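Please keep the sequence and the model in view while reading.

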Amino acid sequence: MRFATTPSQTVGPFFSIGLPWDGGQLVVPRDSPGAITIAGTVYDGQGEPVPDHLLEFWQADPSGRFADMHGHGGPSDLEGFRGFARVGAEDGDGRFEILTVKPGPVPWPDGGLQAPHIDVSVFARGMLHRCVTRIYFSDESDANDACPLLGRVPAERRGTLLAYPVEDGYRFDIRLQGPDETVFFAV
Amino acid sequence: MSEETPDSYIREPPEAHPPLDYPPYKSTALRHPKQPLVYLPHTITEITGPQLGTERVRDGDSDLTAQHAGTPIGERIIVSGRILDTNGKPLRDTLVEVWQANAAGRYRHVGDRWEAELDPNFSGAGRCLTDGEGRYRFTTIKPGPYPWGNHHNAWRPAHIHFSLLGRSFAQRLVTQMYFPADPLFEFDPIFNSVRDRAARERMISRFQMHESVDHWALAFEFDVYLRGPSATPFEEEH
């Protein structure tokens, strides 16, 4: 390493003039076959919704391939698959919603498979650096039990990483602090 | 189709970034995790990442002074530099997104209650892709400092927000670019949340006389370093 990284700073209270865009919630195009929503709320340490968060999502398609594999294999051939979503507004009610498809399992570097998951970056006013979490799926219990990363998460906290089925998709809440604080990862 | 990315990235020392819990910046109090972070080795999900370039950037997006019928008020400046990794390798064709207040320190945002004037000729957001050498270039207006509610007589030093996707999820960075010798530096908890002085100074742009354009605009240079490849392919916690 010859140079040091540029430090992170907060996304601030006015990011919506620069970052979100219409359609940013679409991991897949509208009316894609098998599309589901994942929706939830971001809460602060007092259990209040965080009305000014920005979330980004990155995931594989159902066959376990990303929109751009960056040379690590063939990219997704799912039509219109962006694999990424960005949602947020400062006048919001703390809720978010994306339109996506359930990802497939992807390899773990030492061998084996990671359970289906979505990487999530959380930004907000009052957050000087992003916090990274993952969405796993409560109806993938066999894959979850075998996932090398989930195995490293203290068992009593694993539930904070699970999205639960609801009509049209899944619900996933993010708690920045508190008794059910979401598990965040050092990336 | 983009080039191959590394199998894993360096782990940055703690002083490289601000702590999530920083009491002088009061809004961090209820918005930082208190449980220890769980170590995530870099897997295929983290070493790949979105490339939004062609979808997000349109002609003219890099000139924030030409997005309306008239010319915005304020000091026209050129902000340019390179996006690199910590090995010095340029990141080409990568998306750079910026947003900022106008010359009076006011954002074009419903939530900004500062009584400074909005400028009908300035929206304050820009985008561009880096070229083959990792270079980007914006023409804009020097933003003004503005007051905020963190403490009595709190003022943010003038800054431009920068968002970088890099090549991979692991490289994602949001930061702020500051201007040289700002008298507000010593009073600003967001700037000072980066506790290491050398790291703090990496957020300050440099005035560049040779990039300035006669009878047109002064120039500031700001290079952004995203973390580069790790020496070992699959790095476990240690």
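## Chain B and its contact with chain A

A:Ala186 stands opposite B:Tyr39 in β1 of chain B. The strands concerned are β12 (residues 185-186) of chain A and β1(B), which pair in the parallel sense over two bridges. Two strands count as paired if DSSP finds at least two bridges between them. Strands (E, at least two residues) and helices (H or I, at least four residues) are DSSP runs, numbered from the N terminus.

The model is predicted: local features need pLDDT of at least 70 and side-chain atom pairs count only at pLDDT 80 or more, whereas totals for chains, interfaces and linings use all residues. Residues are numbered from 1 along each chain as its sequence is written, and chains are lettered from A and ligands numbered from 1 in the order in which they are written.

The contact between the chains involves 73 residues of chain B and 64 residues of chain A; two residues are in contact if their C-beta atoms, placed from the backbone, lie within 7 Å. On chain B, the elements β1 (38-39), α1 (44-47), β3, β8 (159-164), β9 and β12 (224-226) each supply at least two residues of the side that touches chain A. That side has 34 nonpolar, 26 polar and 13 charged residues. Here Ala, Val, Leu, Ile, Met, Phe, Trp, Tyr, Cys and Pro count as nonpolar, Asp, Glu, Lys and Arg as charged, and the others, Gly among them, as polar.

## Overall form of chain B

Chain B has four helices and twelve strands. Its radius of gyration is 19 Å, close to the 18 Å that the globule rule gives for 238 residues, so chain B is as compact as a globular protein of that length. The radius is taken over C-alpha atoms, and the rule is 2.2 Å times the number of residues to the power 0.38. Along the principal axes, the C-alpha atoms of chain B fill a box of roughly 55 × 45 × 35 Å. Buried residues make up 45% of the 238 residues in chain B. A residue is buried if 20 or more other C-beta atoms lie within 10 Å of its own, exposed if 12 or fewer, and partly exposed in between, with C-beta atoms placed from the backbone.

Strands of a sheet pair through backbone hydrogen bonds, either parallel or antiparallel. In chain B, an open sheet of four strands has the order β4-β3-β8-β9, with antiparallel pairing. Strands β4 (125-129) and β9 (173-178) of chain B stand at the edges with a single partner strand each, so one side of each is left without a neighbour in the sheet. The table lists strand pairs of this sheet together with a facing residue pair.

| Strand pair (chain B) | Sense | Bridges | Facing residues |
|---|---|---|---|
| β3 (residues 95-99) and β4 | antiparallel | five | B:Glu97 and B:Arg127 |
| β3 and β8 | antiparallel | four | B:Val96 and B:Leu164 |
| β8 and β9 | antiparallel | six | B:Ile160 and B:Met177 |

Six of the six residues of β8(B) are buried, so this strand is largely enclosed by the rest of the structure. B:His159, B:His161 and B:Ser163 point one way from β8(B), while B:Ile160, B:Phe162 and B:Leu164 point the other way.

## Other strand pairs

Strand β2 (residues 76-85) of chain B pairs with β11 (residues 218-221) of chain B in the parallel sense over four bridges, and B:Ile78 stands opposite B:Ala219 in β11(B). Strand β10 (residues 206-207) of chain B pairs with β11(B) in the antiparallel sense over two bridges; there, B:Phe220 is the bridge partner of B:Phe207.

## The nonpolar core and selected loop residues

The largest nonpolar core has 102 residues, and those that touch the most other members are A:Phe57, A:Ile98, A:Val122, A:Ile135, B:Ile83, B:Val96 and B:Leu164. Such a core is a set of buried Ala, Val, Leu, Ile, Met, Phe, Trp, Tyr and Cys residues joined through C-beta atoms within 7 Å.

B:Met203 lies in the loop between α4 (197-201) and β10 of chain B and counts as buried, with 21 C-beta neighbours inside 10 Å. Not counting residues up to four places away in sequence, B:Met203 touches A:Thr6, A:Pro7, B:Thr175, B:Gln176, B:Met177 and B:Tyr178.

B:Ala181, in the loop between β9 and α3 (189-192) of chain B, has a positive phi of about 60 degrees although it is not a glycine. With 8 C-beta neighbours inside 10 Å, B:Ala181 counts as exposed.
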